[in-house]
Amino acid sequence: MGCTVGRLHVTVPAIVEGMSVLQACDLHKRYARGDTEVTAVAGVSLTLERGAFVALVGPSGCGKSTLLHLCGAMDRPTAGEVRLDGRSLADLDDDALTRVRRTRIGFVFQTFNLLPTLTVGENVGLPLLLAGRDPREVTTRVGEWAERVGISHRLDHVPAQLSGGEAQRTAIARAVVHDPVLLLADEPTGNLDSANGRRIVELVHDVNRSSGAAVLLVTHDPTVAAAAALVLEMRDGRLVAAADAKPDPDGARGASSETASDAVPSEAAPTVRGGIAEAASVTERPAS
Ligand SMILES: Nc1ncnc2c1ncn2[C@@H]1O[C@H](COP(=O)(O)OP(=O)(O)O)[C@@H](O)[C@H]1O
Ligand SMILES: [Mg+2]
C-alpha cells in the first residue's frame, strides 16, 4: 500500500481499510508537437488510499497538470493504466469516462473555471443536476455547501461579481457537492492572496478529513504543500522524491509505517490535525 517513487516506497495509510481510491500504474503521456514528440509524463506510479492528502510540486512544464488530468479521467494515457476504486479506466468508453468524472471525481483549477452565465448556486448544483438528482435535494445540498464554504450570501450572483476567494470557494463547493472519492486540485491558490489561499487549503483539508476523499493537490507554494501529509516532487515527467510533511509538535503527525496494517488506528490520534490521513512515511527500498 502506498506508491513507489524510484527506489522510495511511500506509504500513505488509509482512514478506512479497503480498496485504493486511485492507482496509477506506469503512466506515460506523449504529445505530438510538429514533427517531434513531447513526453509530459514518463512513467509515474502512484497509489492513493482513502483519506490520503498528497501535494505534488515541481517546476513548470514537468507534467503535473498532465498527470492530474490522467488521474482524473480527463485525458487518456499513451501507456499505463489508471484505476479508480479498483476499476480500470482503460476499459471505459468516453461516455462512461464522463460519468466517472461526474460522479467520483472533483476538480479545482487555478482559474476557477466557473460557468460565467450561471449563478453561483447553479454552478455549485450543476454536478448534481447532471447526475439527475432530485431538484429539491440539489437545493438542499447547494445550501449546505454554500454555508460551509461561506458563499451563502452570493448564491444569486454570477461569477464575475465574485472576489477571487469567493470564486474559488464556489469552485470547491462545486467540486465536492457530489461527494467525490478523489479531489484533484491544480494550483488552487495560484490566483489568490495568501489569506484567501490559506482559507482554500483549510477547506480542502476539511473535506479530506470529513469525507475521506483522497486529495492530490498541485502547488508551487511550500506553505500549501506543507498542509499535505506527503509531498511528491515531479521532474521531467517523473516522480523523483517524496517527503513527509513536517511533524506536528506533538509528534503524532507523519507517523511512520511500512504498511497500512501497521498504521495507527484513527482513534489513536484524535488530536492530530487530519488524523491518520496525515500519517505517511517514506522508506528506502533496496534497489532491485
Ligand atoms: N495538450 C498538449 N499538447 C502538447 N503538449 C502539451 C499539452 N499539454 C501539455 N503539454 C506539454 O507537456 C509538458 C508538461 O505540461 P504540464 O503537464 O502542463 O506541466 P506542469 O503542469 O507541470 O506545468 C510541457 O512541455 C507542455 O508543454
Ligand atoms: Mg500545470
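These are my notes on what I looked up in a predicted model.

Conventions. I number residues from 1 along each chain as its sequence is written, letter chains from A and number ligands from 1 in the order in which they are written. Because the model is predicted, local features need pLDDT of at least 70 and side-chain atom pairs count only at pLDDT 80 or more, while totals for chains, interfaces and linings use all residues.

Confidence. I looked up pLDDT, the predictor's confidence in each residue, from 0 to 100. The protein chain averages 83, and 78% of the residues score at least 70. Over residues 247–288 pLDDT stays under 50. Where pLDDT is low, the predicted coordinates should not be read in detail.

Sheet. I took helices (H or I, at least four residues) and strands (E, at least two) as DSSP runs, numbered from the N terminus. Strands pair if DSSP finds at least two bridges between them. I found an open sheet of 4 antiparallel strands, ordered S4-S3-S6-S7. Its edge strands are S4 and S7 (87–88), each pairing on one side only. S3 and S6 (residues 79–84) are joined by 5 bridges; Ala 24 has Val 82 in S6 as its bridge partner.

Ligand 1. I listed the residues near the ligand (C-beta atom, placed from the backbone, within 6 Å of it). Among them are Tyr 31, Arg 33, Lys 64, Ser 65 and Thr 66. S3 (22–33), S4 (36–48) and H1 (64–71) each give two or more residues to this shell. H1 gives the most, with 3 residues.

Methods
Contact = placed C-beta atoms within 7 Å.
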